[in-house]
Amino acid sequence: MNGTEAAVLETRMAAVSAMLSANGFDALAVHARGSTAAFGSKSHGYMRYLRDWDTYYSPGVLLFVPGARRVLLTSDIFLHKLTQARCLPGEEALFAPLPEMGTAAARELAALAAAADRPLAKLAY
């Protein structure tokens with residue numbers, strides 16, 4: 001955790017869950033490029049708001065299916081270790097090398113949907 005209280009982050013994710021349901025979405029995927037100069041983008045702000053997580057110089061993905069654990073994918077092995085240490089209850093940090101990030105995200109979304117016993121028909125990103 002970088003400073004935002006866990007309860008605040010959980011409240012934000014609960015609001016996201018309600019918005020997904022209200023709009024007919026089954027899951028959310030957020031891709032971020034971190035805060036390092038030349039890579040920062042709006043996606044970094046979304047990730048910081050939802051998880052207080054900075055991917056720094058490498059891509060990262062937050063996967064969220066209501067009713068299942070959340071998954072944080074990072075393409076940097078060193079950042080992966082840091083992310084593991086900062087996971088909230090019900091979250092898991094996984095390492096996915098950059099060339100495999102898309103495949104890993106699809107595989108994890110399918111596993112999350114199966115764990116939550118939800119069809120995965122409409123994805124918000």
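Good morning, colleagues. The structure is a predicted model, in which local features need pLDDT of at least 70 and side-chain atom pairs count only at pLDDT 80 or more, while totals for chains, interfaces and linings use all residues. Residues are numbered from 1 along each chain as its sequence is written, and side-chain values use heavy atoms, with hydrogens and water left out.

I begin with the chain as a whole. The protein chain holds 4 helices and 5 strands, in the order α-β-α-β-β-α-β-α-β along the sequence. Its radius of gyration is 14 Å, close to the 14 Å that the globule rule gives for 125 residues, so the chain is as compact as a globular protein of that length. Here helices (H or I, at least four residues) and strands (E, at least two) are DSSP runs, numbered from the N terminus. The radius is taken over C-alpha atoms, and the globule rule is 2.2 Å times the number of residues to the power 0.38. Along its principal axes, the C-alpha trace spans about 35 × 30 × 25 Å.

Of the 125 residues, 44% are buried, meaning under 20% relative accessible area, as against over 50% for exposed and in between for partly exposed (1.4 Å probe, protein chains only). Contact means heavy atoms within 4.5 Å. Among contacts between residues at least 6 apart in sequence, 52% join residues at least 24 apart. The accessible surface comes to about 6,400 Å², and 61% of that belongs to carbon and sulfur atoms; the areas come from the Shrake-Rupley method with a 1.4 Å probe, and for residues only the protein chains shown count as cover.

As for charge, there are 12 positive and 11 negative side chains, and the centres of the two sets lie 4 Å apart. Lys and Arg count as positive, Asp and Glu as negative, with His and the chain ends not counted; each charge is placed at NZ of Lys, CZ of Arg, CG of Asp or CD of Glu.

I turn now to individual residues. Asp76 lies in the loop between β3 (70–74) and α3 (77–85). Is Asp76 buried or exposed? Asp76 is buried, at a relative accessible area of 12%. Its side chain reaches the backbone nitrogen of Phe78 at 3.0 Å. Leaving aside neighbours within four places in sequence, Asp76 is in contact with Tyr57, Ser58 and Phe95.

Within helix α3 itself we find Thr83, which is buried at a relative accessible area of 3%. Beyond its neighbours within four places in sequence, Thr83 is in contact with Trp53, Leu72 and Ala93.

Strand β4 (residues 91–95) includes Glu91, which counts as buried at 11% relative accessibility. Which side chain does the side chain of Glu91 meet in a polar contact? The partner is Arg70, at 3.0 Å; a polar contact is a pair of N or O atoms within 3.5 Å, where within protein one must be able to donate a hydrogen and the other to accept it, and residues adjacent in sequence count only if both atoms are side-chain atoms. The Glu91 side chain also reaches the backbone nitrogen of Leu88 at 2.9 Å. Not counting residues up to four places away in sequence, Glu91 touches Arg51, Arg70 and Leu72.

Leu94 is also placed in strand β4 and is buried, with a relative accessible area of 19%. Leaving aside neighbours within four places in sequence, its contacts include Val71, Leu73, His80 and Glu108.

Thank you.
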